[in-house]
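Please examine the predicted model shown below. The account that follows begins with a helix, turns to a loop residue and ends with a pocket.

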Amino acid sequence: MRALILGGTGDANQLADAFVREGIDAIYSYAGRTQIPLGHSLPTRIGGFGGAAGLADWLRKERITHVIDATHPFAAEMSRHAVEACAAVGVPLVALERAPWTRAAGDSWIEVADISAAVTALPEARARVFLAIGRQHIAPFAAKPQHAYTLRFVDASDGELPLPDAEVITSRGPFTLESDRELMRSRGIQWLVARNSGGTGARAKIDASRELGRPVIMIARPTLPERSRAETIEAVLAWLGHGARLGA
């Protein structure tokens with residue numbers, strides 16, 4: 001067995017730790033857009049593969065027998081390439097995919113399909129907006145420059161932002177309900193824009209919005225091809241060790 005972890009998330013790093021403990025021969029790969037700390041000793045590659053065809057060639061060259069897609073739920077292009085490449089070379093694929101958040105009593109959500117719809121959903125009158133969607137997706141919000149935006153990035157901003165009124169917070173999760181509640185109170189946040197990433201590490205802002213009665217513009221996950229899924233590291237290990245059939 002020789003596995004490839006498509007990573008770049010905290011879940012992927014925890015999976016890599018488990019692979020090291022279990023003595024599983026594997027390579028960890030991530031795009032390198034953020035400085036993800038790697039707390040494991042797996043061989044690591046950084047950067048893209050050159051599309052699905054490039055990934056398929058790499059899988060053959062490295063004699064990969066199993067692929068685990070543990071990328072961010074919104075890394076749609078990489079996930080699509082993984083499905084296509086694995087099908088082309090006959091390598092089994094499973095996605096380590098946390099369940100999406102669901103609306104709870106007291107939530108005030110406006111659910112939208114994509115970033116463009118999230119921009120449209122913001123009010124026309126000036127408001128203070130917590131834009132918790134990552135640095136790669138903020139440019140479309142320049143269409144509503146009247147708002148005061150609070151941004152939270154894993155790494156420090158490396159260039160001028162397209163938003164005229166923006167504060168950047170550099171911080172790495174997991175975040176707590178207390179800290180996100182204080183962040184929203186201290187900055188007078190009136191709206192939250194978030195992607196439905198799921199999991200616990202980034203959920204605090206959703207719970208804080210509920211407590212404070214703030215509306216949330218919730219961006220749905222992209223539609224991906226059919227693939228096997230696992231919600232836990234234990235399920236991935238079982239899939240590797242016993243060929244367990246997981247839900248598509």
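In this predicted model, the buried residues of helix 3 are A76, S79, A82, V83, A85 and C86. The spacing of such positions can be read against helical geometry. An α-helix has 3.6 residues a turn, so residues three or four places apart point the same way.

Just after the helix comes G90, whose phi is positive, at about 75 degrees.

Attention now passes to a loop. I24 is located between helix 1 (10-22) and strand 2 (26-30). Is this residue, I24, buried or exposed? I24 counts as buried because its relative accessible area is 17%, and the cut-off for burial is under 20%. Beyond its neighbours within four places in sequence, I24 is in contact with M1, F19, L42, L237 and L240. Of these contacts, M1 lies 23 residues away from I24 in sequence, yet their C-alpha atoms are 7.7 Å apart in space.

Finally, the second largest pocket has a volume of about 170 Å³. Its lining consists of 10 residues, and those nearest the centre of the pocket are E97, L224, P225, R227 and R229. By class, the lining of this pocket holds 5 nonpolar and 5 charged residues, with no polar ones.

Note on methods: Residues are numbered from 1 along each chain as its sequence is written. This is a predicted model: local features need pLDDT of at least 70, side-chain atom pairs count only at pLDDT 80 or more; totals for chains, interfaces and linings use all residues. Side-chain values use heavy atoms; hydrogens and water are left out. On a 1 Å grid over the protein atoms alone, a cavity is a set of points where a 1.4 Å probe fits but cannot get out, and a pocket is an open set with protein on both sides within 12 Å along at least five of seven lines; lining residues have an atom within 4 Å of a point. Grid points are joined across faces, edges and corners, and a volume is the space filled by probe spheres set on the points. Ala, Val, Leu, Ile, Met, Phe, Trp, Tyr, Cys and Pro count as nonpolar, Asp, Glu, Lys and Arg as charged, and the others, Gly among them, as polar. Buried means under 20% relative accessible area, exposed over 50%, partly exposed in between (1.4 Å probe, protein chains only). Helices (H or I, at least four residues) and strands (E, at least two) are DSSP runs, numbered from the N terminus. Contact means heavy atoms within 4.5 Å.
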